[in-house]
Amino acid sequence: MANRPPDLSPQERKAAGEKAVASRRERAEIKAALTSGEIGIFEAINDGRQSIQRMRVSELLDAAPGIGPRRAFTIMSKAGISDTRRIAGLGKHQLQRLRGEMILNKVPVNQGALIVMSGPGGVGKSTITAHLRNHPAVWVSTSVTTREPRENERDGRDYHFITDEKFDQLIANNEFLEWAEFAGARYGTLKGAVESARNLGKHVLLEIEIAGARQIRRAEPQALLVFISPPSWEDLVERLTSRGTDSVERRAARLALAEEEMACAGEFDEVLINHQVEEVALALLSLATSRANRLS
Ligand code: 5GP
């Protein structure tokens, strides 16, 4: 019979019971954090834990200070969100409308932090980025570039690969938050996409080179600039020289550039040493969370 509950062993039943208790505790904690103003609604929505994702949106709004069930109902219906909708089922447009309605109702909404990650070539920035890409609280910006795609790179995921003419047009239309030239190609971060993601409470991660990081410092003084450093210079040399089939000249150029980049570490707010990718990813996330809390 399809609907019969599965027969559970006593151990399985015990484990299921414990899981349910843990879920209830997590939900109670997030609601208390919302009520006390410790976190904002979008921070709760971006909490990837299953227990939170399964909560009804209405339950979350009810817990937020100064909303109350009547206003929660109005906000939800104006945002086109049904009363029974769970957090995991919210679409991007519903989230945008929810934000708009909350602003209209003078309910404070939190913005995600802007995190810039730079560091010398070969230090492992893209592995760190890959690690954070699927985190629900993080949005990794996809840059545009005029360089040719490498093998294994996908348009729209690794970069938006565009022509020089298109790049000029984006500059003329003032669509870049920053852009720079690096090793004969141009790279840039699109302003609009970053803004939309931050407005949904996501922490935006930019993996960019140093000239771009300096522009962000000027354009967005509240951004957090993080420099990723290798455990030692020897370690970086090892990583750079064991890479692929570079000529002697190319290898020397990469090392010289890495040396120049290492000398800029002092300009950054934080320096994280890449002993272990998972550790650096966690540290970045915790820096982003405390930066976002400071802003709101
Ligand atoms: P690659 O060609 O190896 O993918 O990237 C070369 C350098 O450009 C890396 O240091 C990378 O972080 C940087 N980069 C990638 N996207 C951007 C961007 O949008 N702006 C800036 N300023 N640098 C970028």
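Hi everyone, a definition to begin: a residue is buried under 20% relative accessible area, exposed over 50% and partly exposed in between, with a 1.4 Å probe and protein chains only. This is a predicted model, where local features need pLDDT of at least 70, side-chain atom pairs count only at pLDDT 80 or more, and totals for chains, interfaces and linings use all residues. Residues are numbered from 1 along each chain as its sequence is written, and side-chain values use heavy atoms, with hydrogens and water left out.

Asn-152 counts as exposed because its relative accessibility is 70%, and its phi is positive, near 75°, in a residue other than glycine. Ala-183 is not a glycine either, yet has a positive phi of about 45°. Ala-183 is exposed because its relative accessible area is 67%.

Now the ligand. Which residues come nearest to the ligand, of the 15 around it? They are Ser-143, Arg-147, Tyr-159, Glu-178 and Tyr-187, where being near takes a heavy atom within 4 Å.

On to polar contacts, meaning pairs of N or O atoms within 3.5 Å. A polar side-chain atom of Arg-147 sits 2.6 Å from a ligand oxygen atom. For Arg-150, an N or O atom in the side chain is 2.9 Å from an oxygen atom of the ligand. Glu-178 places a polar side-chain atom 2.7 Å from a ligand nitrogen atom. On its own the ligand has 510 Å² of accessible area, and the protein covers 89% of that, by the Shrake-Rupley method with a 1.4 Å probe. Thanks, everyone!

Methods. A polar contact is a pair of N or O atoms within 3.5 Å; within protein, one must be able to donate a hydrogen and the other to accept it, and residues adjacent in sequence count only if both atoms are side-chain atoms.
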